[in-house]
Amino acid sequence: MFDITRYADASQSIIDAGRFLYQNGWSPATSSNYSARIDEQHIAITVSGKHKGALTNADVMVVNLAGEPVQSSCRSSAETLLHTVIYDLFSDIGAVLHTHSMPATVLSRWLEGENELCLTDYELQKAFPGYESHESQLVIPIFENTQDIEALAAETKAYFNQNPDLPGYLIRGHGLYTWGKTMADCLRHVEAFEFLLQCELEMKRLP
Ligand SMILES: CSC[C@@H](O)[C@@H](O)C(=O)COP(=O)(O)O
Ligand SMILES: [Zn+2]
């Protein structure tokens, strides 16, 4: 069982995040999914297929860390397992956000054949915990897109078990996943990733 007040707080944080992310153009056309931790075993997560700019409490449900619905007959996000593996790996993580921005989509496709995007010399790299200087290197892994979410969840779990430092990754031609200790931290990470990806895209366009 889970605490109903903590569920209500988690749900509201997801609704607010959705409005912000949609307004920024990072969650178009019902894409994206969001979650927030309720306790060690439960997360609140978006119901599959909902418009992320106009979420209500009815569009947020509870699943356990195995990805199974708890007290709900709704279908959780098709990508639920990509969220639960992160909560399972990192006990201090409180929120996970997945977005579908144009720079994340285009850049990951432009880097066809590469399994990471390495960034350096951006001051904004310091938005991520543990990155103290623009001279540090940010290595964003890129996973191949697939409809086999169970397989992708296993792949991401294995990667972040070995490489826990950077809270995020790209799925090629698909989008960004990022996480943080709180929803506010997680939203800051989305903004930072999106800014950096936009910069990289602009740099590649330069003659
Ligand atoms: C609208 S296409 C995007 C989906 O295929 C998926 O990638 C996505 O982000 C949203 O899926 P959802 O099941 O609503 O959580
Ligand atoms: Zn998606």
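The following conversation concerns a predicted model of a protein chain and its ligand.

Visitor: What does the secondary structure of the chain come to?
Guide: In this predicted model, the chain has five helices and eight strands. Along the sequence, they follow the pattern α-β-β-β-α-β-α-β-β-α-β-β-α.

Visitor: Which domain does UniProt annotate, and which residues does it cover?
Guide: The unreviewed UniProt entry gives "domain: Class II aldolase/adducin N-terminal" for residues 12-201. That span is 34% helix and 21% strand, and its end C-alpha atoms lie 33 Å apart.

Visitor: Which residues does UniProt list for "binding site"?
Guide: The unreviewed entry lists His98 and His100.

Visitor: Is His98 buried or exposed?
Guide: His98 is buried, because 26 other C-beta atoms lie within 10 Å, and the threshold for burial is 20 or more. His98 belongs to strand E4, residues 95-99. Beyond its sequence neighbours within four places, His98 contacts Ser32, Asn33, Glu79, Leu82, Gly175, Leu176 and Tyr177.

Visitor: And where is His100 found?
Guide: His100 is in the loop between E4 and helix H3, which spans 102-110. His100 is also buried, with 21 other C-beta atoms within 10 Å. Not counting residues up to four places away in sequence, its contacts are Trp26, Ser27, Pro28, Ser31, Ser32, Thr105 and Gly175.

Visitor: Turning to ligand 1, how many residues surround it?
Guide: Ligand 1 is surrounded by 13 residues, of which the closest are Ser31, Asn33, Ser48, Ser77 and Ala78. By class, this shell has 10 polar, two nonpolar and one charged residues.

Visitor: Which residues touch the most other members of the largest nonpolar core?
Guide: They are Ile14, Ala44, Val96, Ile140 and Leu170, in a core of 51 residues. Helix H5, residues 183-205, gives the most to this core, with seven residues. In general, nonpolar side chains tend to be buried together in soluble globular proteins.

Visitor: What is Ile140 in contact with?
Guide: Leaving aside neighbours within four places in sequence, Ile140 contacts Glu116, Leu117, Leu119, Leu166, Gly168, Tyr169 and Leu170.

Visitor: How many residues of helix H2 are buried?
Guide: Eight of the 10 residues in H2, which spans 80-89, are buried. They are Thr80, Leu81, Leu82, His83, Thr84, Val85, Ile86 and Tyr87. What covers them includes strands E1, E2, E3, E4 and E8, together with helix H4. In the chain as a whole, buried residues make up 43% of the 207 residues.

Visitor: What is phi of Ala29, and where is Ala29 found?
Guide: Phi of Ala29 is near 55 degrees, a positive value in a residue other than glycine. Ala29 is in the loop between helix H1 and E1, and Ala29 counts as exposed because it has 9 C-beta neighbours inside 10 Å.

Visitor: What about phi of Asp121?
Guide: Phi of Asp121 is near 70 degrees, a positive value as well. Asp121 is in the loop between strand E5 and strand E6, and Asp121 counts as exposed, with 10 C-beta neighbours inside 10 Å.

Notes:
Residues are numbered from 1 along each chain as its sequence is written. Chains are lettered from A and ligands numbered from 1 in the order in which they are written. This is a predicted model: local features need pLDDT of at least 70, side-chain atom pairs count only at pLDDT 80 or more; totals for chains, interfaces and linings use all residues. UniProt positions are given in the numbering used here, feature names are shortened, and annotations may be inferred rather than shown by experiment. Helices (H or I, at least four residues) and strands (E, at least two) are DSSP runs, numbered from the N terminus. A residue is buried if 20 or more other C-beta atoms lie within 10 Å of its own, exposed if 12 or fewer, and partly exposed in between; C-beta atoms are placed from the backbone. Two residues are in contact if their C-beta atoms, placed from the backbone, lie within 7 Å. A residue is near a molecule or strand if its C-beta atom, placed from the backbone, lies within 6 Å of it. Ala, Val, Leu, Ile, Met, Phe, Trp, Tyr, Cys and Pro count as nonpolar, Asp, Glu, Lys and Arg as charged, and the others, Gly among them, as polar. A nonpolar core is a set of buried Ala, Val, Leu, Ile, Met, Phe, Trp, Tyr and Cys residues joined through C-beta atoms within 7 Å.
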